[in-house]
Amino acid sequence: MSEKDILKELNGIEYSSEYKEKLNSFNEVSIEELKLKSANLKSKLSQSYFEKQKEMVKELLEKGEEIDYYVKGANIEMLRTMIAFGRGLTFKSNDIPFNYSIFVTNKRIFIGDSNYYDEANGFTVYNLDEIKEVERDKVGYKVDREVKKRRRQVMKFGVSPAVNFFILFRYSFGFIVSLVILTNTLFMWYNNYIRRGYVVGDDGKRYFDGFYDLMQASDAMTTGDNIIFSLIAAIIIWGIVRLVKYLTRSKLRISMKLKENDYLDFIVVNEDGEEIAKKLQSLSNNNK
Amino acid sequence: MNDKKLIKLLKEKHEDSIDALITSYGKLIYAVINSLLYLPEEIEERDECFNEVLLTLWTYIGCYDESKGQLSNYIISVTRYKAIDTKRKLSKHNKKEELDENLQSLTIPMEEEIISKDNFNSLIKVLDEEDRKLFIERYILFKSVEDIAEEQKQTKSAIYSRLSRGREKIRKRLEVSGL
């Protein structure tokens with residue numbers, strides 16, 4: 001009787017309400033603490049599934065064939081989809097590869113699809129001479145730009161006007177708030193610096209006499225004006241921080257063309273990704 | 001989240017399924033573990049056991065049969081099974097250490113041999129469904145005879161005699177197999 005059989009036998013076992021009540025007295029941990037306790041479960045699962053995949057590949061090896069190296073990658077298309085649709089939209093993670101586990105032997109390349117936890121869906125096997133092209137680049141800002149493009153597609157093909165409006169609102173909220181603040185600021189600046197900078201000449205006409213004195217302007221500023229100024233300063237700083245993050249964040253991306261029409265596009269997870277990318281590129285160069 | 005949705009997430013191996021399982025049943029699972037792993041040397045194994053239960057439910061949720069009872073009962077059973085298993089492993093390990101220290105010869109009593117997990121799984125195959133369930137409740141989930149009797153609306157002595165008859169059946173099977 002296997003573990004699975006025992007687990008099946010555990011169906012239909014009842015517990016009295018007294019027992020369940022008694023359990024409450026052992027209940028001393030919060031949900032948050034429990035989530036922390038299970039924090040390393042994902043990496044454990046991921047590691048154990050990866051090892052299983054490795055074993056599966058080993059069983060498929062031919063005589064004289066050995067695994068040279070492996071690379072783990074996150075499916076870039078899935079990452080984009082997740083960002084564009086948001087995590088709120090659930091989808092069957094089993095049907096879409098989250099990750100790739102790629103094992104390169106001295107004869108062939110095994111490409112494994114796996115779900116979020118690296119549980120294998122299956123392998124596609126190619127001979128090394130079937131690797132036609134391997135490109136690598138750094139992604140970060142570029143991906144974000146592509147994600148924005150995807151969002152527009154989502155809006156375009158949204159299921160109903162209400163959903164479209166919701167998505168538009170969700171992604172435009174920051175823009176709307178910024179626009180309101182900017183309009184207010186321009187109005188305030190006009191009032192404090194430009195309108196007050198006009199003087200009436202001897203001929204009775206109004207002339208622009210330079211910007212209104214800054215000190216006088218700040219005296220004239222109300223608490224509301226000060227709040228708006230502080231908000232603008234905060235938004236500018238936040239914008240700069242985001243921009244720096246955008247520009248400095250980059251990950252290694254590998255795009256592979258296999259056979260004539262099979263493509264693989266992923267972000268490398270391995271720490272020795274650069275080295276592996278070079279090895280893969282050398283394989284494709286040999287095939288040219 | 002209702003049980004149906006949770007089971008669906010677990011079956012789909014959805015990335016949020018473990019969080020959802022913890023939110024719905026984490027406290028119950030941990031309470032069962034706390035109630036069983038209470039000895040000083042067992043306390044530090046609680047978290048490991050908690051993760052083991054989550055992993056088992058995540059991997060084998062297909063073994064749960066909705067028509068046979070509530071998910072909460074099934075989760076209690078799986079947790080008890082894993083916690084007792086942890087308890088047994090620790091006790092074996094500690095006993096072995098003690099014996100090694102005293103340079104004594106290791107002798108395992110028959111009863112303990114019978115209920116050691118690997119043997120148990122194959123031995124209870126000789127029992128009918130009801131007795132198999134009784135043996136699992138008593139020896140895998142370590143339920144007390146009083147509790148079993150109350151839940152099955154039978155007397156304690158009836159439960160004891162069913163257990164005894166079951167053990168006899170197993171003993172005969174062992175003799176036939178030459179063990």
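This is a predicted model: local features need pLDDT of at least 70, side-chain atom pairs count only at pLDDT 80 or more; totals for chains, interfaces and linings use all residues.
**Salt bridges and the A–B interface**

Chain B has a salt bridge of its own to look at. Here the side chains of Asp131(B) and Arg162(B) come together at 3.1 Å, N to O. Asp131(B) is part of helix α8 (residues 129–140) and Arg162(B) part of helix α10 (residues 156–176), both of chain B, so the pair ties together parts that are 31 residues apart in sequence. Both Asp131(B) and Arg162(B) are buried. Back in chain A, salt bridges with shared partners link Glu62(A), Glu65(A), Lys107(A) and Arg108(A) into one network. Over all chains, the search turns up 15 salt bridges.

Now for the place where the two chains meet. On the chain A side, 45 residues are in contact with 57 residues of chain B. Between them the chains bury about 4,800 Å², and 59% of that is on carbon and sulfur atoms. The interface also has 14 residue pairs in polar contact, with both residues at pLDDT 80 or more. Helices α1 (3–9), α2 (17–24), α3 (31–37) and α4 (41–60) of chain A each give at least two residues to the side that touches chain B. The largest share, six residues, comes from α1(A). Sorted by class, this side of chain A has 20 nonpolar, eleven polar and 14 charged residues.

Two salt bridges cross the interface of chain A and chain B. One of them pairs Arg132(B) with Glu9(A), at 2.8 Å from N to O. Asp47(B) and Lys37(A) also meet in a salt bridge, this time at 3.2 Å. Asp47(B) lies in helix α4 (residues 46–60) of chain B and Lys37(A) in helix α3 of chain A, so this pair joins two chains. Asp47(B) is partly exposed, at 30% relative accessible area, and Lys37(A), at 24%, is partly exposed too.

What about disulfides? The count over all chains is zero. Among the cysteines, Cys49(B) is buried at 2% relative accessible area, and Cys63(B) is buried at 4%.

Note on methods:
Residues are numbered from 1 along each chain as its sequence is written. Chains are lettered from A and ligands numbered from 1 in the order in which they are written. Side-chain values use heavy atoms; hydrogens and water are left out. Contact means heavy atoms within 4.5 Å. Buried area is the accessible area (1.4 Å probe) that two parts lose on being put together, summed over both. A salt bridge is a side-chain nitrogen of Lys or Arg within 4 Å of a carboxyl oxygen of Asp or Glu. A polar contact is a pair of N or O atoms within 3.5 Å; within protein, one must be able to donate a hydrogen and the other to accept it, and residues adjacent in sequence count only if both atoms are side-chain atoms. Helices (H or I, at least four residues) and strands (E, at least two) are DSSP runs, numbered from the N terminus. Ala, Val, Leu, Ile, Met, Phe, Trp, Tyr, Cys and Pro count as nonpolar, Asp, Glu, Lys and Arg as charged, and the others, Gly among them, as polar. A disulfide is a pair of cysteine sulfur atoms within 2.5 Å. Buried means under 20% relative accessible area, exposed over 50%, partly exposed in between (1.4 Å probe, protein chains only).
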